[in-house]
Amino acid sequence: MPKVILITGGSRGIGRSAAVLAGKRGWSVGVNYASNAAAADETVAAVIAAGGRAIAIEGDVSDEAALIAMFDATEKAFGKLDGVVNNAGIVAPGSALADMDIARMKRIFDINVLGAYLCAREAARRMSTSRGGRGGSLVNVSSAAARLGGPGEYVDYAGSKGAIDTLTIGLSKELGRDGVRVNAIRPGLIETEIHASGGKPDRAQTLGVQTPIGRPGTADEVGESIVWLLSDASSYVTGAILDVTGGR
Ligand code: NAP
């Protein structure tokens with residue numbers, strides 16, 4: 001059955017791949033983005049070309065009003081939600097913790113933790129059967145950094161993703177009887193523009209060759225896992241944290 005889903009940070013990278021793969025299944029997708037409207041419009045066109053329906057929705061996930069508005073816009077366009085991909089996340093340039101200032105750490109935790117928790121809260125409110133929803137699937141996008149720790153580069157980011165793993169464990173238990181499955185994906189070194197935003201555009205390629213599989217992953221390889229967790233094919237999977245890391 002066609003599904004209605006919202007993807008935070010759905011306009012580029014991993015979120016974009018999940019959106020287009022959802023479109024291939026004929027699903028309807030709210031494509032959230034922060035500021036790059038051109039990329040969001042291109043992704044919407046790609047979802048529609050793939051066979052789905054889509055709208056672009058601007059909004060910062062760490063802004064509560066904007067986050068609620070992106071859920072409202074998706075439900076207004078397509079009806080009640082069946083799935084949410086809690087994907088928006090950022091890194092900052094690599095640095096030792098001793099050299100990080102508070103503004104950087106606040107921004108990482110605001111977007112990656114508070115934004116993700118607000119998104120999960122809203123997903124719980126909308127999809128829980130006891131609250132009038134029709135059940136569904138929440139997919140949280142964590143990172144292998146949650147278990148590797150990000151030393152010398154991103155211990156702030158790694159900690160923010162540790163919170164996502166813990167959220168997944170707790171919320172999956174909280175919502176099990178409410179028809180909502182909650183799982184996480186932990187991507188490894190995936191070729192997207194996030195590495196350039198952290199000051200190392202070649203990071204996925206350089207480190208990816210050191211993984212057991214011997215190369216970085218593609219956004220589509222992560223997107224496939226996300227769409228599987230959204231789909232009914234994973235109906236008995238909840239509370240799982242799936243590494244998509246080439247064995248790293
Ligand atoms: P990306 O290519 O940098 O894309 C980021 C997306 O998130 C864009 O659509 C961006 O919108 C949006 N975004 C950024 N800040 C936002 C905010 N405050 N509110 C709403 N949307 C926001 O990133 P990616 O590599 O696909 O990463 C997606 C997720 O996977 C993140 O949670 C990341 O931590 C995780 N991850 C990635 C890797 C990897 O190697 N790539 C590895 C592990 C985990 P704009 O275009 O408007 O800025």
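**Legends for close-up views of a predicted model**

**View 1. Helix 1 and helix 2 side by side.** Helix 1 and helix 2 are roughly parallel to each other, because an angle under 35 degrees counts as roughly parallel. Helix 1 (residues 13-24) packs against helix 2 (residues 37-50) at an angle of about 25 degrees, and their axes are 7 Å apart; axes are lines fitted to C-alpha atoms over the stretch in contact, and angles run from 0 to 180 degrees between N-to-C directions. Helices (H or I, at least four residues) and strands (E, at least two) are DSSP runs, numbered from the N terminus. On the helix 1 side R16, A19, V20, G23 and K24 take part, and they meet E42, T43, A46, V47 and A50 of helix 2, where contact means heavy atoms within 4.5 Å.

This is a predicted model, in which local features need pLDDT of at least 70 and side-chain atom pairs count only at pLDDT 80 or more, while totals for chains, interfaces and linings use all residues. Residues are numbered from 1 along each chain as its sequence is written, and side-chain values use heavy atoms, with hydrogens and water left out.

**View 2. Helix 4 and helix 6.** Helix 4 (residues 102-127) and helix 6 (residues 155-175) pack with their axes 9 Å apart, at an angle of about 15 degrees. That angle makes helix 4 roughly parallel to helix 6, and helix 4 passes helix 6 in a right-handed crossing. Among the residues that make the contact are M105, I108, F109 and V113 of helix 4, together with Y157, I164, L167 and L171 of helix 6.

View 3. I55 is found in strand 3, which covers residues 53-58. With 24% relative accessibility, I55 counts as partly exposed, the class between buried (under 20% relative accessible area) and exposed (over 50%), for a 1.4 Å probe and protein chains only. Leaving out residues up to four places away in sequence, I55 touches V29, G30, V31, V44, A73, T74, A77 and F78. One of these, A77, is 22 residues from I55 in sequence, and their C-alpha atoms are 7.9 Å apart in space.

**View 4. The chain around these close-ups.** The chain has nine helices and seven strands. Its C-alpha atoms fill a box of roughly 45 × 35 × 35 Å along the principal axes, and buried residues make up 53% of the 248 residues.

Methods. Angles under 35 degrees count as roughly parallel, over 145 as roughly antiparallel, 65 to 115 as roughly perpendicular and the rest as oblique. A crossing is left-handed if the near helix is turned anticlockwise from the far one by less than a right angle, and right-handed if clockwise.
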